[in-house]
Amino acid sequence: MSDTMRYVISRIITTVLVLFGAMLVLFSLTLFVPGDPARVLLGPRASPEALQALSERMGLDLPIYAQVGRFFGNVLRGDLGVDVISGRPILNMVMDVLPYTIALTFAAIGIAVAIGVPLGCYAATHPNTVGDRITAVISVGFIAIPNFVVAIYLVLIFSIWLNWFPVLGVSRTGGFWDQLVRLVLPATSLALGWIGYIARLVRSSLLEVLNENFIRTSRAYGISENRIVYKYALKNAAIPTVAILGLGVGRLLGGAIFAEIIFARPGIGSLIYAAINTRNYPVVQAGVLVVVFLFVVTNLLVDLSYSKLDPRMSRRGGTGGRMP
Amino acid sequence: MTATLARIWGSGTGRLGLVLVVLVVLGALLAPLIAPHDPNQIAVMNRFSGPTLQNPLGTDQLGRDIFSRLLYGTRIALGVSILSILIAFVAGLLLGIAAAYLPPRLERVILIIFDIISSFPSLVLALAVVALLGPGLWKIILIVSVTLVPHFGRVARAQTLALKNSPFLEAERVLGASPARLVLVHIVPNVSGPLVVLASMDIPVVIAIEAGLSFLGVGVPPPSPSWGTLLNDGYAYLDQSIWMAVFAGLALTIATLGFTLFGEALRDAVDPKLRTEP
């Protein structure tokens, strides 16, 4: 068996173990919910018959090991349960809002690349100049400030003060253009940290590549500096950036919660948030499980494609450091 | 120590970070001396006031002084960060060293547990736990520290593995030092250095998580003046007064920016090799 195959297989096994562990954690949390979950869901004035029926439907009367088995079996079959309040399958509720979160995530990543990559290129081609320093400070600032603070400042500046953008979320009846306009502020609030992160990443990997022999040879051949930077060096420097973008998608799926709440957008974050406020634990559990699933699977895909792009990476593992 | 501080002061961004950090820490320590009002004193006649001489940053929806509340909020932000990082530091250090010394099978188990914990985006894990178990200051500190343990544990393990077979430890062993002595006298101090840098870089992350949870209403329960709670109040009453949101956001910006700049300068000053990121 080749090294790559072995790496791929061990990575997949770990991912499956991690997902099982995460499911176990989420399941055991429900055991500690104060009070009887059925009573919490139905409220204090529910009839004993209704409580009994719900307990049976949720399997609360089973012994714990049977509950665990039931939970795992259901999840593996793609059954996340039925929402007690609306009577709808929870999986459908998640699938209804997921496209909004995914659109938000990709819009944020798009903005981050469109601004972060040029900033990083500028900084790397003008090292240790005033412009480079300013880029560095802006990047740290963007990474450091929490995205919900950014979101609120964006509302203050662009919606209230300048009145350029509507505050509220998605108009489901609105056309494509309307939806796009309403995506700008939330996506920007998420993108800002990643602009800083990508700018720093592109700067450092570009600087590293620009020091290599093949670049010096190209210079000696008299190839123009622009061509060297943007055609040859950037291509090599792009590898770590691509990997980070994959991780970014995973992290943003969970991080989108603030943007969704502040801008009143539908999405998986606001679904979880609403479920927390109504003590609708099965929905909280399922929502978190979906976020974790997407996060872990994107990480796996990133790792695997990374080891394909750059075989050295399979032995180096993680990027470490502070992410937005 | 002084050399490190001098090096931090020497870099432009490090100096800015240090100044902001000192401001925040002083705010937390001297809150009772500086605050012009009791942070929980309600003055209904004076709601939603803008900045005045009496209320330097205005008042909130109950007429409480925003400046005083933000000052006391510093204590919550720093208290939660320091305690949860301390717990994660110790637990990560012990687990990391243990992982390096245990047989491969048990080491695998510890690493898988780390993987499981980091498979939850930390805010989402905290949200799930608090949503299911109910809010509370100590719960937040504990959950946040759990999410940070893998961070410390992995570095501690890697450092221990690197040290484990080094000649000076070999010599100690030959001279008859007990395993306990090896770990306590040599491994722990040597592994702790890089962990301190990690810890300083985690402070802004924890401040953001605590404020985020409080912003969502599942963090430190009111009337405690957590910055996140203030920001949420400010957002809810944005049509009455913008000052709460503006200043609560500013406090969070100062603290997270300050600690991030400081942490990065500290890392560069102590050990540039730790610089695995751009």
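Predicted model: local features only at pLDDT ≥ 70, side-chain atom pairs only at ≥ 80, totals over all residues.

Tutor: Let us begin with helix 7 of chain B, which covers residues 137–164.

B:Phe152 is one of the residues that touch the most other members of the largest nonpolar core, which has 165 residues. Others in that group include B:Leu70 and B:Phe215 from chain B, and A:Phe148, A:Leu206, A:Ile262 and A:Val288 from chain A. The largest share of this core, 18 residues, is supplied by helix 10 of chain A, residues 225–262. Domain 1 (3–76) and domain 2 (98–316) of chain A each contribute at least three residues to this core.

A:Phe148 shows how the two chains meet. Apart from residues up to four places away in sequence, A:Phe148 touches A:Phe258 and A:Ile262 in chain A, and B:Ala208, B:Ala211, B:Gly212, B:Phe215, B:Leu231 and B:Leu252 in chain B.

A second example comes from chain B, where B:Leu127 is part of helix 6, residues 122–133. B:Leu127 counts as buried because its relative accessibility is 3%, and buried means under 20%. Beyond its neighbours within four places in sequence, B:Leu127 is in contact with B:Leu213, B:Leu216 and B:Val218, and also with A:Ile257, A:Ile272 and A:Ile276 of chain A. Although B:Leu127 and B:Val218 are 91 residues apart along the chain, their C-alpha atoms are separated by 7.5 Å.

Chain A as a whole gives the wider setting. Chain A contains twelve helices and zero strands, and 48% of its 324 residues count as buried. Among the contacts in chain A with a separation of 6 or more, 72% join residues 24 or more positions apart.

Finally, two loops of chain A deserve attention. A:Asn128, in the loop between helix 5 (90–125) and helix 6 (130–144), has a positive phi of about 60° although it is not a glycine. A:Asn128 counts as exposed because its relative accessibility is 57%. A:Ala264, in the loop between helix 10 and helix 11 (268–277), is likewise not a glycine and has a positive phi of about 50°. A:Ala264 counts as partly exposed, at 42% relative accessibility.

Conventions:
Residues numbered from 1 in each chain as written. Chains lettered and ligands numbered in written order. Heavy atoms only, no water. Helix = DSSP H or I, 4+ residues; strand = E, 2+ residues; numbered from the N terminus. Buried < 20%, exposed > 50% of the residue type's maximum accessible area, 1.4 Å probe, protein only. Contact = heavy atoms within 4.5 Å. Core = buried A, V, L, I, M, F, W, Y, C linked by side-chain atoms within 4.5 Å. Domains from an automatic or database assignment. Expected span 1.5 Å × (residues − 1).
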